[in-house]
Amino acid sequence: MKIRKLAALFLLICILSVLILPAAATQAVPAGETPDDAAQEAAPDEPAQEEAPAAAANQEGFSVRQFAAPGEIFTTAPRAAILIELNTDTVLYELDADEKNYPASLTKIMTCMLALEYGNLDDILTVREENLQNLHESGSTSGLQAGEQMRLEDMLYCLMLESANESCNVIAEYISGSVEAFVELMNQTARDLGCTGTHFVNPHGLHDEEHYTTARDMAKITMKALENETFRTITGSASYDLPATNLQEGRTIHTTNRLMLNTAASGFYYSKASGIKTGFHTPAQCCLASTADNGNLRQLVIILGAPLVWNEDAGIYIYRNFPEAINLFEYGFNHFSISTVMSTLYPVAEVQVNQSAGAQTVALAPVQEVRTLIDKDFDPKEVVLDVSLPNKTVDAPVEAEQVLGSVTVTYHGMVLGRSDLAAITTISRSEITHRADSTKAYVETNWWKWLFGILLTGAALVVAYVLVMQLLRRRNRRRKVAARRRALELQKRKQRLRDFHIDE
């Protein structure tokens with residue numbers, strides 16, 4: 001009876017263990033999972049909290065927080081201007097950059113860009129009489145004649161260096177069949193580039209009330225044109241030897257961009273400048289699109305509506321687009337630079353290494369350096385490196401250049417750059433530690449199995465002990481009963497012997 005009770009108790013313990021212990025084990029954090037992960041699983045309705053940089057990254061890349069006052073840069077401020085660093089596409093300065101103005105011959109930047117995109121430089125173009133009509137008598141020209149034949153490439157040099165108005169009509173008909181169709185192409189291209197304040201009426205820029213643009217839009221058009229190597233070559237030429245045609249001898253033509261002319265007559269030579277185009281008519285005043293490079297920054301300046309000023313001493317008019325462009329270039333070069341704010345040579349974090357045969361941690365360095373535009377007031381101490389490590393510890397072996405995290409560089413809330421983080425050294429694994437940790441992890445992960453096994457073994461031992469004790473007790477009883485029987489038998493025998501002797 002007791003054995004049955006013990007067996008029933010043992011069966012009850014086993015059933016409870018199977019039902020309760022695995023359920024308890026599901027609340028444990030599996031190996032390799034962080035407590036934060038487990039908490040998120042337990043509360044799936046709560047949004048995950050991402051670690052944010054110390055400085056909130058509201059924007060990507062460096063940007064100028066406040067532009068200087070015009071009086072700090074210009075001697076005679078233009079109607080509109082914009083200064084862009086081309087390596088980073090960063091606006092360094094702007095003045096009424098979204099106000100509509102007349103572009104004058106800056107229009108020819110679009111004309112040249114479309115000719116290079118849709119034309120063939122070796123094609124021969126013929127000047128028609130109609131191409132010479134309706135042009136301002138005092139407008140810029142290369143003196144092309146009706147019936148004159150010229151390669152497209154040579155005509156583009158006339159267009160961009162001498163600002164030949166007649167060449168615009170020839171090119172427009174060559175590309176689109178008519179000037180009107182070409183103008184439609186110009187406007188569609190401007191819209192495609194994101195220009196919202198631009199409308200063209202002709203391909204040369206002679207004055208029309210409905211022919212206008214903005215400094216920002218003209219910068220977009222110019223930056224697109226600068227992507228073409230041939231455009232850069234043409235507009236970056238201070239002079240060009242124009243070959244002879246069927247009607248004219250060969251001659252040398254020169255750019256109208258005085259920033260590029262190292263002559264006494266220029267008066268505004270600027271050794272850092274190259275390209276692109278000048279523009280002038282009375283309503284538009286003096287316009288200029290030009291680049292300049294100091295070996296660190298590559299800047300684009302757009303000037304619209306700089307005044308034409310009479311100089312009493314020299315007895316000449318001064319085109320203020322050139323000195324004001326120099327002022328704007330120098331402002332950019334003096335106030336900004338591209339610098340390394342995070343190097344690949346210096347570690348920025350470290351990770352603990354488990355089961356290591358050597359070092360207990362490995363240093364992490366950026367895979368890519370971060371070079372960015374900074375201003376003269378840049379303080380390296382205010383740079384924030386926001387390190388992200390998916391795992392706080394890693395298991396050996398660790399290979400050099402193994403990516404183990406990432407870093408984001410921020411400055412005053414601006415994201416200056418990002419990079420992966422990689423180990424700088426190789427760390428081998430300790431096999432002894434590895435086996436010990438594996439065993440420990442297995443035990444920790446499967447503790448309920450071990451507990452169940454222990455309980456099961458203990459219960460089995462108890463049952464076995466009880467059964468053995470029962471068997472021993474039965475054997476002892478049988479021995480005692482047999483001993484009593486033998487004793488009684490012996491006693492009966494002795495009694496019979498006594499009775500036998502008495503009867504004799």
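This is a predicted model: local features need pLDDT of at least 70, side-chain atom pairs count only at pLDDT 80 or more; totals for chains, interfaces and linings use all residues.
Me: Which strands stand at the edges of the open sheet?
Reply: The open sheet is built from 5 strands in the order E3-E2-E10-E9-E8, and the pairing is antiparallel. Each of the edge strands has a single partner strand, so one side of each is left without a neighbour in the sheet. The strands in this position are E3 (90-95) and E8 (273-281).

Me: In the hairpin of E2 and E3, which residue takes a positive phi?
Reply: Strands E2 and E3 run antiparallel and are joined by 5 bridges, and in one of these pairings Glu-85 has Thr-90 as its bridge partner in E3. The hairpin has 4 residues between the strands, and the residue that takes a positive phi, near 55 degrees, is Asp-89.

Me: What angle does the direction of helix H9 make with that of E10?
Reply: Helix H7 (residues 215-225) packs on the sheet, and its direction makes about 140 degrees with that of strand E10 (298-306). Helix H9 (residues 321-335) packs on the sheet as well, touching E2, E3, E8, E9 and E10. For H9, the angle between its direction and that of E10 is about 145 degrees.

Me: How many of the 15 residues of H9 are buried?
Reply: Helix H9 reaches 21 Å from its first C-alpha to its last, which is close to the 21 Å expected at 1.5 Å a residue. Its buried residues include Phe-322, Ile-326, Leu-328, Phe-329 and Phe-333. Helix H9 is largely enclosed by the rest of the structure, because the number of its 15 residues that are buried is 11.

Me: Is Thr-425 buried, partly exposed or exposed?
Reply: Thr-425 is found in the loop between strand E20 (414-423) and helix H10 (431-445). Its relative accessible area is 38%, and because buried means under 20% and exposed means over 50%, Thr-425 is partly exposed.

Me: What distance separates the C-alpha atoms of Thr-425 and Leu-364?
Reply: Leaving aside its neighbours within four places in sequence, Thr-425 is in contact with Val-362, Val-398, Glu-399 and Ala-400. Thr-425 and Leu-364 are 61 residues apart along the chain, and the separation of their C-alpha atoms is 8.8 Å.

Methods: Residues are numbered from 1 along each chain as its sequence is written. Side-chain values use heavy atoms; hydrogens and water are left out. Two strands pair if DSSP finds at least two bridges between them. Helices (H or I, at least four residues) and strands (E, at least two) are DSSP runs, numbered from the N terminus. Contact means heavy atoms within 4.5 Å. Axes are lines fitted to C-alpha atoms, for helices over the stretch in contact, and angles run from 0 to 180 degrees between N-to-C directions. Buried means under 20% relative accessible area, exposed over 50%, partly exposed in between (1.4 Å probe, protein chains only). The expected span of a helix is 1.5 Å times one less than its number of residues.
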